[in-house]
Amino acid sequence: MKIGIKGINRASATVTVALTAGAVLAGSVFAATAQAATPPTPTIAAKGGYVMNNGTAKTLFTKAADTRRSTGSTTKIMTAKVVLAQKNLNLDSKVTIQKAYSDYIVSKGASSAHLIVGDKVTVRQLLYGLMLPSGCDAAYALADKFGTGTSRAARVKSFIGKMNASAKSLGLTNTHFDSFDGIGNGSNYSTPRDLTKIASSAMKNSTFRTVVKTKSTKQKVTTKSGGYRYMSWSNTNTMLSSYSGAIGVKTGSGPTAKYCLVFAATRNGKTVIGTVLASTSATTRTADMKKIMDYSFKK
């Protein structure tokens with residue numbers, strides 16, 4: 001009788017051990033699955049970064065997201081946004097390229113769309129020249145066209161005022177523009193969070209979306225003599241070709257700004273949009289953005 005009881009106890013113990021081991025194993029699997037579902041937060045070289053879900057505005061990544069920094073040519077996102085917000089905008093209206101625009105490029109050593117003095121270029125074409133090769137001459141032409149005033153200086157000042165008014169209307173408190181192209185006088189700044197919000201707002205415009213996702217374009221413009229020439233522009237945003245689902249937005253660089261990038265991509269119906277500011281090189285800003293976008297798509 002005692003032997004039987006001992007046998008039963010041993011059998012029960014064996015079953016208990018087996019069940020316990022199974023529970024531990026299952027728990028380990030669940031823990032591993034949970035751990036795999038939450039990727040580690042990436043480290044980036046850029047001094048500031050921010051990514052959000054473009055549909056819900058939920059923050060997905062942040063690093064010094066509200067620290068004010070120089071923005072370089074990512075400023076031109078707001079330049080384009082202000083142009084596209086003009087009432088009764090005619091994208092096919094023509095702007096005559098002035099010598100002042102080319103002189104400005106030379107004096108600043110600025111990035112250029114290589115616009116030719118005397119050519120008549122449409123507003124739509126100027127937007128391509130602005131956003132693809134990051135033409136500061138195109139930015140100047142647009143500011144001169146859409147600012148108000150009796151002098152070029154007054155019109156440019158008016159246009160920059162519109163840029164700041166637009167930032168204020170978005171509720172941004174850490175953004176200020178003192179230039180139409182990012183070549184500022186010490187008071188041109190924003191933050192990763194604010195720039196991302198500006199880009200998100202701009203992306204609501206179909207023309208803006210079309211322009212910023214274009215890898216290259218060839219545009220026919222009217223010359224001073226009434227003939228025509230073709231302008232070819234390639235996008236400085238190389239991630240359009242190297243990152244799956246990329247749909248924009250704009251690169252930027254400068255002595256103070258270092259290397260910046262505002263970027264958006266869509267995968268499986270989810271669009272994420274973000275910014276890195278003050279990265280160490282063009283290569284590094286791309287690597288930084290790939291890291292935080294990959295991370296954000298997994299969240």
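My entries follow, starting with how I read the model.

**Ground rules.** I am working with a predicted model, where local features need pLDDT of at least 70, side-chain atom pairs count only at pLDDT 80 or more, and totals for chains, interfaces and linings use all residues. Residues are numbered from 1 along each chain as its sequence is written, and side-chain values use heavy atoms, leaving out hydrogens and water.

**Helix α3.** I looked up α3, residues 99-108, and found Y101, Y104 and I105 buried (under 20% relative accessible area, with exposed over 50% and partly exposed in between; 1.4 Å probe, protein chains only). Helices here are DSSP runs of H or I, at least four residues, and strands are runs of E, at least two, numbered from the N terminus. The three sit on the same side of α3 because they cover an arc of only 100 degrees around the axis, taken from the directions from the helix axis to the C-beta atoms. On the other side, I noted K99, V106 and S107 as exposed. The cover over the buried residues includes β4, α5 and α6. After α3 comes G109, with a positive phi near 60 degrees.

**Core.** The largest nonpolar core has 60 residues (buried Ala, Val, Leu, Ile, Met, Phe, Trp, Tyr and Cys joined through side-chain atoms within 4.5 Å). Its largest share, eight residues, comes from α5. I77 is among those with the most contacts inside this core.

**R193.** I found R193 in helix α7. Its contacts (heavy atoms within 4.5 Å) include Y50 and D66, not counting residues up to four places away in sequence.
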